[in-house]
Amino acid sequence: MRLLLFILLFPAITHALPDSLPVPGGIVILPISKTTDKPAVFFKNRKVMVVKKDNQWVALIGMPLTMKQGVYNARVNLKESKPYSVTFRIKSKKYPQQHITIKNKRMVNPNNYDMKRITADRIRIKRALKHWSNNDDVQLNFQKPVKGAYSSAFGLRRFFNKQARKPHSGVDIAASKGTPLKAAANGIVIETGNYFFNGNTVFIDHGQGLISMYSHLDKIKVQTNQAVSQGEIIGLIGKTGRVTGAHLHWSVSLNNNMIDPTLFLDTSQRPQ
Ligand SMILES: [Zn+2]
């Protein structure tokens, strides 16, 4: 009965796989085995997502933005056989540069007091991004979390007031302050907070190392441990943290690597 209810409530849950994009900041989709038992797959000693697609176990592996082109291995553990490796090739990708001018100098060169806070923020953010939960019904077909134009692309090599900073690890969507923000997919809220750079932020765990992160919110409308459905309002768009105006910064992490969130959207919702 519970299963039937689940199917009725979430008829859209399928393992509609995202596109494979074997580049830094992309996803590698790796067919693994047709065994009965689910294989455990590891990349750089970290467990990665495995889902069943057409009777085939498939691993989904997030690639870090810092990845160099070359041949890499994923390790496969199966009950029926010895551990073995599957190789895959990563191509290079050079993302464009972006120069941003921030009037609040403290947001570019934080003082000692700010640095203490930034260090504490990082610990919480890192903990949220490396969260793992065993969920065999990961929803992989995301929905764009807010209506609006993409104002900044994923992966841009950024300069704040001419100083090189980390690349843009998400996409920005322009929307006015107070616009409702919706969960990209079903999941559990694992962390919320106000951070120096990210402002008010919500983290949703979708399962098996897939985490979405929503930053610069005016208001947070959910609490930690709350289950949310795709499309449910989780906050309001704002301009908290390091911003030049109201927008959503949306990041997606897979096996603890920030990847392009729009890979999980159907083509009609992606940047044109
Ligand atoms: Zn951003």
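**Exercise 1. The largest pocket**

Find the volume of the largest pocket in this predicted model, and work out where the pocket lies relative to the domains.

*Solution.* Start with the size: the largest pocket has a volume of about 1300 Å³. Next, look at the lining, which is made up of 42 residues. Lys166, Pro167, Ser169, Asn198 and Arg242 are the ones that lie nearest the centre of the pocket. Then ask which elements give two or more residues to this lining: they are strand 8 (97-100), helix 2 (112-129), strand 9 (150-152), strand 10 (157-160), strand 16, strand 20 and strand 21 (257-259). Helix 2 gives the most, with seven residues. Sorted by class, the lining holds 18 nonpolar, 16 polar and eight charged residues. Finally, the position: because domain 1 (2-90) and domain 2 (97-269) both give residues to the lining, the pocket lies between them.

**Exercise 2. The zinc site**

Identify the residues that coordinate the zinc ion, and decide whether His168 and Asp172 are buried or exposed.

*Solution.* His168 has a relative accessible area of 2%, so His168 is buried. Asp172 is at 7%, and therefore Asp172 counts as buried too.

**Exercise 3. Strand 16 and its partners**

Which strands pair with strand 16, and in what sense?

*Solution.* Take strand 15 (residues 199-207) to begin with: six bridges connect strand 15 and strand 16 in the antiparallel sense. Gly207 has Leu210 of strand 16 as its bridge partner. These two strands form a hairpin with two residues between them, and Gln208 in the turn has a positive phi of about 50°. Now turn to strand 20 (residues 247-254), which runs antiparallel to strand 16 and is joined to it by six bridges. In this pairing, Tyr214 faces Trp250 of strand 20. To complete the picture, check the burial of strand 16 (residues 210-217): eight of its eight residues are buried.

**Exercise 4. Two residues with positive phi**

Asn55 and His216 are not glycines; where is each found, and is each buried or exposed?

*Solution.* Begin with Asn55, whose phi is positive at about 65°. Asn55 belongs to the loop between strand 4 (49-53) and strand 5 (56-62). With the cut-off for exposed set at over 50%, the relative accessible area of Asn55, 59%, makes this residue exposed. Move on to His216, with a positive phi of about 70°. His216 sits in strand 16, and at 5% relative accessibility His216 counts as buried.

Note on methods. Residues numbered from 1 in each chain as written. Predicted model: local features only at pLDDT ≥ 70, side-chain atom pairs only at ≥ 80, totals over all residues. Heavy atoms only, no water. Buried < 20%, exposed > 50% of the residue type's maximum accessible area, 1.4 Å probe, protein only. Helix = DSSP H or I, 4+ residues; strand = E, 2+ residues; numbered from the N terminus. Pairing = 2+ DSSP bridges. 1 Å grid on protein atoms, 1.4 Å probe; cavity = no way out; pocket = protein on both sides within 12 Å on 5 of 7 lines; lining within 4 Å. Points joined across faces, edges and corners; volume = space filled by probe spheres on them. Nonpolar A, V, L, I, M, F, W, Y, C, P; charged D, E, K, R; others polar. Domains from an automatic or database assignment.
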